[in-house]
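The following briefing collects backbone, packing and side-chain details for the structure shown below. Please read it alongside the sequence and the coordinates.

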Amino acid sequence: MERASEALAGMQYLACEEHCLRALALARHHGDWAYYARILLPLQETRRQRRMIAAEGVTRLGTAGLQGPLESWLGRMGAGCIVVTGPHETQEAIALHRAARKRGQCIEVLFADNPATASRWTLLASAGEQSIKLTVAAPQSAWIDQWLAPTDAVPVRLPAQSDSSDAIELGSETPVDWFLDACEALGEVALATVKAPLGERERIEQLERCLEAVPDHEIIHQALGEAARAMRGVSN
């Protein structure tokens, strides 16, 4: 955690995140729940900073028009947010995320299991055997399948064009807002799966799966910290 603190102070957010995750695994292994809860604070902060950098970069909602190696996609972004859609698969979204981390790029990745032209998008996030699914109204058509920099003009928001009442309307005003709102909504769906009560190891495990699926969700970090503090005095 000393290395994590140094990385955070030096604005090396990806390195800080890696150190925190290693420390978190050690604290979990030893059943040191008080320390586990403390580690979550810099982890949440470094992820917040990483997300802010990504939000100030390029946004791409849909990848129907993208071909070639994933590295060529990353070369167009620097930092940014991207929703991978058909014809690409979830494995490609995972590979894109890993490649961005390896290159040291602050890039946030979501996967939508649908064509980019669909009127509703099915967001998927996985953690082990658990899969989180959320159906939302598609982004505005003018935002889809384009590289959009923060300085690019965006259209005046139009009414939602969803073909199903089960699709959630995010109400976003810009492309990057749509991405961030989608992440927030996906995290809320993940949290709704947590049923184990405070003070039980199972609650920690359920929340860890949520955080693995939606790693930037602020409330999941906070709920996991609360669960860890409730575990004080409980053996591993």
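Met11 sits in the loop that runs between helix H1 (2-9) and helix H2 (13-30), and in this predicted model the phi of Met11 is near 60°, a positive value in a residue other than glycine. Most residues other than glycine have a negative phi, and most peptide bonds are trans.

**Backbone geometry**

- Met11, with a relative accessible area of 60%, is exposed, because the cut-off for that class is over 50%.
- Asp145 also has a positive phi, of about 60°, although it is not a glycine, and Asp145 is placed in the loop between S5 and H6.
- With a relative accessibility of 24%, Asp145 counts as partly exposed.
- The peptide bond that leads from Gly86 to Pro87 is cis, and its omega is near 10°.
- Pro87 belongs to the loop between strand S2 (80-86) and helix H5 (90-102).

**Packing of H3 with H7**

- Helix H3 (residues 33-55) packs with helix H7 (residues 201-213) at an angle of about 15°, and their axes are 14 Å apart.
- Since angles under 35 degrees count as roughly parallel, H3 and H7 are therefore roughly parallel to each other, and their crossing is left-handed.
- On the H3 side the contact is made by Trp33, Tyr36 and Arg47, while H7 contributes Arg201, Ile204, Glu208 and Leu211.
- Sorted by class, this contact of H3 with H7 has four nonpolar and three charged residues, with no polar ones.

**Packing of H3 with H8**

- H3 and helix H8 (residues 218-229) pack at an angle of about 175°, with their axes 8 Å apart.
- Because angles over 145 degrees count as roughly antiparallel, H3 and H8 are roughly antiparallel to each other.
- The H3 residues that make this contact are Trp33, Tyr36, Ala37, Leu40, Leu43, Gln44, Arg47, Arg48 and Arg51, and those of H8 are Glu218, His221, Gln222, Leu224, Gly225, Ala228 and Arg229.
- The residues of the contact of H3 with H8 divide into seven nonpolar, four polar and five charged.
- Trp33, Tyr36 and Arg47 of H3 are named in the contact with H7 and are also among the H3 residues in the contact with H8.

**Loop residues and their surroundings**

- Ser172 lies in the loop that connects strand S5 (130-137) and helix H6 (175-191), and at 1% relative accessibility Ser172 counts as buried, because that class covers values under 20%.
- The side chain of Ser172 makes a polar contact with the side chain of Asp181, at 2.7 Å.
- Pro69 is located in the loop between strand S1 (58-61) and helix H4 (70-75), where Pro69 counts as exposed, with a relative accessibility of 52%.
- Pro69 and Leu96 are 27 residues apart along the chain, and their C-alpha atoms are separated by 9.7 Å.
- Gly104 is found in the loop between H5 and strand S3 (107-115), and with a relative accessible area of 47% Gly104 is partly exposed.
- The C-alpha atoms of Gly104 and Leu14 are separated by 6.9 Å, although these two residues are 90 residues apart along the chain.

Terms used: Residues numbered from 1 in each chain as written. Predicted model: local features only at pLDDT ≥ 70, side-chain atom pairs only at ≥ 80, totals over all residues. Heavy atoms only, no water. Helix = DSSP H or I, 4+ residues; strand = E, 2+ residues; numbered from the N terminus. Buried < 20%, exposed > 50% of the residue type's maximum accessible area, 1.4 Å probe, protein only. Polar contact = N/O pair within 3.5 Å; in protein donor to acceptor, adjacent residues only side chain to side chain. Axes fitted to C-alpha atoms, helices over the stretch in contact; angles between N-to-C directions. Parallel < 35°, antiparallel > 145°, perpendicular 65-115°, else oblique. Left-handed = near helix turned anticlockwise from the far one by under 90°. Contact = heavy atoms within 4.5 Å. Nonpolar A, V, L, I, M, F, W, Y, C, P; charged D, E, K, R; others polar.
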